[in-house]
Amino acid sequence: MLALKNLGPRSVAWLRAANITSAGELRKIGAVAAYLRVREAGFRPSANLLYALAGALAGVHWNRLPKAERSRLLLELDAAEQARRAHS
């Protein structure tokens, strides 16, 4: 069951559609991979979902993530997207 801070009904539904059904799974794959899986499932999340996932894993509200952490997440997302395009 996904009962983590920052994750409302829509986020949980998107994660389930992306076959992420537990907090343990989310912890295992991380925020960036989970965000990409949600997009691959056909949804169009904003960066706020990425921040919400990272905040959920850290146990803090997403808007309390430091700016440097948000920037790091976006850089990690960009690198993951580039790697996926390179392997397509």
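Leu49, Leu50, Tyr51, Ala52, Leu53, Ala54, Gly55 and Ala56 are the buried residues of helix α3, where buried means under 20% relative accessible area, exposed over 50% and partly exposed in between, with a 1.4 Å probe and protein chains only. The model is a predicted one, in which local features need pLDDT of at least 70 and side-chain atom pairs count only at pLDDT 80 or more, while totals for chains, interfaces and linings use all residues. Residues are numbered from 1 along each chain as its sequence is written, and side-chain values use heavy atoms, with hydrogens and water left out.

Helices here are DSSP runs (H or I, at least four residues), numbered from the N terminus. Helix α3 covers residues 47–58, and its 12 residues reach 17 Å from first to last C-alpha, close to the expected 16 Å, a span defined as 1.5 Å times one less than the number of residues. Its buried residues pack against α1 (9–17), α2 (23–40) and α4 (67–86), and just after α3 Gly59 takes a positive phi of about 75 degrees.

Asn6, in the segment before α1, is buried at 18% relative accessible area. Its side chain reaches the backbone nitrogen of Trp62 at 3.0 Å. Beyond residues up to four places away in sequence, Asn6 touches Ala52, Gly55, Ala56, Val60, His61 and Trp62, contact being heavy atoms within 4.5 Å.

Leaving aside neighbours within four places in sequence, Leu26 is in contact with Leu4, Leu7, Ile20, Ala34, Leu53 and Leu57.

Four salt bridges are counted, each a side-chain nitrogen of Lys or Arg within 4 Å of a carboxyl oxygen of Asp or Glu. The table lists some of them.

| Pair | N to O distance |
|---|---|
| Glu81 and Arg39 | 2.6 Å |
| Arg84 and Glu40 | 1.8 Å |
| Glu69 and Arg72 | 2.9 Å |

Arg84 lies in helix α4 and Glu40 in helix α2, so this pair ties together parts that are 44 residues apart in sequence; Arg84 is partly exposed at 35%, whereas Glu40 is exposed at 54%. Glu69 and Arg72 both lie in helix α4, three residues apart, about one turn of the helix, and together with Glu76 they are linked in a network of salt bridges.

Terms used: Helices (H or I, at least four residues) and strands (E, at least two) are DSSP runs, numbered from the N terminus. A polar contact is a pair of N or O atoms within 3.5 Å; within protein, one must be able to donate a hydrogen and the other to accept it, and residues adjacent in sequence count only if both atoms are side-chain atoms.
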